[in-house]
Amino acid sequence: MSPMPGGTDPEIPVVELDRPPGPWRVLWKKFSRNPFAMGGLAVLLIFVLLAIFAPFLTSYGPEKIDLMFANLKPGAEGHPLGTDELGRDILSRLLYSARISLLIGFSVAFVSVLVGSVVGAISGYFGGFVDTVFMRIVDVMNSVPSLFLNILVMALFGTQIKFMILILAFTSWMSIARLVRGTFLQLREMQYVEAARAIGVSSWGIIFRHLLRNASFPIIVNATLMVGGAILSESALSYLGLGIQAPATSWGLMLSNAQEFMLIDPMQAVYPGFCILMVVLAVNFIGDGIRDALDPRQQVTKSRRRLEQWRKNYSKSGN
C-alpha cells in the first residue's frame, strides 16, 4: 500500500473478533436450559445450605432428650415437625442428619472417582499385562456382594463415619475404572498424544495433564450419580442398625427408629424418607442434565445473526 501524502501511513482499523465460547461455558448454557437439572441443582443447594446453617435454624440439639414432650404432633409450640419417642426435635434431627448423609455421599463419590480414575487411566494407557491385572481385579471386586461386604466390615471395625466412607468407596470405584479405561483406549491413539511423546513428555504427564482432562466430562456425570447411590447405601446400613449410631444421627437411622412407631406417628418415617427421596432425585436430575449437555446432538439454539457473524469471522473463504 502506497504511503499517504506527507509521508504518513494510513491507520489500519483493528477488528476485534468475538471468540466462540469455551466447552465449560457451552456445557453450562445447555445445562441451564434443562428445567429438571436446574430444579435438582436448586434442591441440592437448599439441602446443603440447611445442613451448613443447621445450628442457626433450630434451638434444639439433635441429641437433646425430653421425655415430658415425647411424640408431639407436628405444629406443637417450639417443634414445627413434632418430636420423636424420646422427645427429640424432629426438625433438628433432620437438619443435622443432612450433614452426615451429604458428607458420606460426596465423600464416597470423591474417593471412588479418585481411585477409579487412577486405576482406569493406568490400565487404559499402558495396556498389556498392566491392563489384564487391573481388569481382573475389577472383575473380582464386581463379583463380591457389596452389601454383605459392607455389613461384614461395619460389624468388625465399628460404625464410625470414616469406616463407612472407606467401605462404600471400596465397593463403588469399579464402574469409574471401566469408564476411564474405555475412554483412555480411544484417547491414547490421538495425534496430540503422539506429539506429546515426540517432544519428550513422560507417560505420567500425558495421563494426568492431557488425557484425564479430556475424560473429565463422563467422570463428572458418573460422580454425580454416585452421590445418590452412596446416600441410599448409607441409609440402608443405618436402617439395618449397622450404620450411624446414636448420639449421631442420619436419615437412615431416623427411619430405623421410626419403624416401631408407625402406628402412633407415621410422619416420623415420612420426613427422613422424603428427604432421602428429594436429595437422590435432585442428584440424579443433575447427572442427567450434565449427560444431556455433553450430548453433541443436543445443540444450543443460537440466533441466525450470531451464526452468520461467526461464519464471516472464522470461515477461511470469508463467505
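The buried residues of α5 pack against α4 (90-126), α7 (161-170) and α8 (174-187), where contact means heavy atoms within 4.5 Å and buried means under 20% relative accessible area, exposed over 50%, partly exposed in between (1.4 Å probe, protein chains only). Helices here are DSSP runs of H or I, at least four residues, numbered from the N terminus.

Before going on: this is a predicted model, in which local features need pLDDT of at least 70, side-chain atom pairs count only at pLDDT 80 or more, and totals for chains, interfaces and linings use all residues. Residues are numbered from 1 along each chain as its sequence is written, and side-chain values use heavy atoms, with hydrogens and water left out.

Back to α5. Its buried residues are D131, M135, V138 and M141. They cover an arc of only 115° around the axis, so they sit on the same side of α5; the arc is taken from the directions from the helix axis to the C-beta atoms. The face turned away from that buried side carries F129 and S143, which are exposed.

Next, the aromatic rings. Rings of Phe, Tyr and Trp (its six-membered ring) pair if their centres lie within 6.5 Å; planes under 30 degrees apart count as stacked, over 60 as edge-to-face and the rest as tilted. By this rule there are 6 aromatic pairs. One of them, F36 with F285, is tilted, at 5.6 Å centre to centre and 50° between the planes. This pair links distant parts of the chain, with F36 in α2 and F285 in α13, 249 residues apart. F36 counts as exposed because its relative accessibility is 55%.

Definitions and conventions. Helix = DSSP H or I, 4+ residues; strand = E, 2+ residues; numbered from the N terminus.
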